[in-house]
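Work through the exercises below with the structure in view. Each task is followed by a solution in steps.

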Amino acid sequence: MAIIRSILDTDLYKFTTSYAYSKLFPRAFGEFEFVDRNNLHFPAGFDRLVRRELESMADLFLTKEEELFLKNKLPYLPPTYIDFLKGYRFDPAEVEVEMTDGKLSIRSSGLLYRITFWETPILAIVSELYFREMGVTPDVEYMERRLIEKATLMREHGIVFSLFGMRRRFSFGVEDRITELLKLHSGSNFFGTSNVYLAYKHNLNPSGTHPHEWVQFHGSIYGYKMANYMAMENWINVYDGDLGTVLTDTFTTDVFLRNFSKKHAALFTSLRQDSGDPFAFTDKAIRRYEELRINPKLKYIVFSDSLDVEKALKIKKYCGDKIGASFGIGTNLTNDVGNENVPLNIVMKLFRCKMTEKESWQHCIKLSDVDGKHTGSPDEIKLALQTLGI
């Protein structure tokens, strides 16, 4: 059976970002590249296995039941966009897959409102195929016991969280079972899942936030000093107050906070912390809200950086009654399967873009709050750091 079985088997932000591109930048092109941060050696023929999975995705289409789910759960997507999704088909010709000396290279290129859809399925395919080919199987008894322990602990301590685990899941089957168990054992603290298909299957809220690629694109088009500001303005133009969580670390949190105006602080309900020190981030966020004369107790932070339950408990305690805290927990839930398994550390990032097909490609980069995790052209990263005074 194919790994990706529905066009909904992806993260929510793929749909919300695709619609935003289609509304504001319908002629813009982008190019995503696969990055393996651990520089693994993939087994012979792995590229052919990936290609086979991509080819199978060409047969996927939005079913009537899935269409009704989207209309009910995602009211901020207009009927015109749902109609587009009904006619959408994955085109495997948009993706190049190569392997040289065991190193995997994947690149997807095309219109941004289409090409964005490849990111999360490709990551899920690579992760599941890798463990399958390496002969790693989940210890189901361990996996379920640990998951129930984590869910119970979060429920007892009032940890409000969403499952952000698709991109580096062990397998579809594992993520499916984990989602089922979280619904059974977490109670109302389980806010939902970023995986739209599993939200549909298990009758949960699709949950997601602002993505790095949206800010990367704006940095390339508008310049790095204005990237966060314009990304927020355009998100507001598209969603008019819905989807009110904004990602802060595309060009470092300190740069983001310079652009975070009172208007944005009032309209966006939460900030997402995805790299760096969560405790230092909390202090910076509270300080910025207070500078803008906005009560931080009315806002909250979505923490999503390499979380486990123990870390979430420490962060919640630190936030106390100073600012709200919720959590997006991913790999620690969907890839904790025993057997000393080590999850892959893979991403698919926007590396280039252009406003129309005829224009020249422009670099897209990401400047993490963690040194050594910047993504993109080294020369462009150096230029951006100089421009931003970092």
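**Exercise 1.** Locate Thr252 and decide whether Thr252 is buried or exposed.

Solution. Thr252 sits in the loop between β6 (245-247) and α12 (253-259); helices (H or I, at least four residues) and strands (E, at least two) are DSSP runs, numbered from the N terminus. Its phi is positive, about 80°, although Thr252 is not a glycine. The relative accessible area is 11%, so Thr252 is buried (buried is under 20%, exposed over 50%, partly exposed in between, with a 1.4 Å probe and protein chains only).

The model is predicted: local features need pLDDT of at least 70, side-chain atom pairs count only at pLDDT 80 or more, and totals for chains, interfaces and linings use all residues. Residues are numbered from 1 along each chain as its sequence is written, and side-chain values use heavy atoms, without hydrogens and water.

**Exercise 2.** State at what angle helix α1 and helix α4 pack, and which residues make the contact.

Solution. Helix α1 (residues 12-24) and helix α4 (residues 79-87) pack at about 110°, their axes 11 Å apart (axes are lines fitted to C-alpha atoms, for helices over the stretch in contact; angles run from 0 to 180 degrees between N-to-C directions). Therefore α1 is roughly perpendicular to α4 (65 to 115 degrees). Phe15, Ser18, Tyr19 and Ser22 of α1 meet Tyr81, Phe84 and Leu85 of α4, where contact means heavy atoms within 4.5 Å.

Technical notes: Angles under 35 degrees count as roughly parallel, over 145 as roughly antiparallel, 65 to 115 as roughly perpendicular and the rest as oblique.
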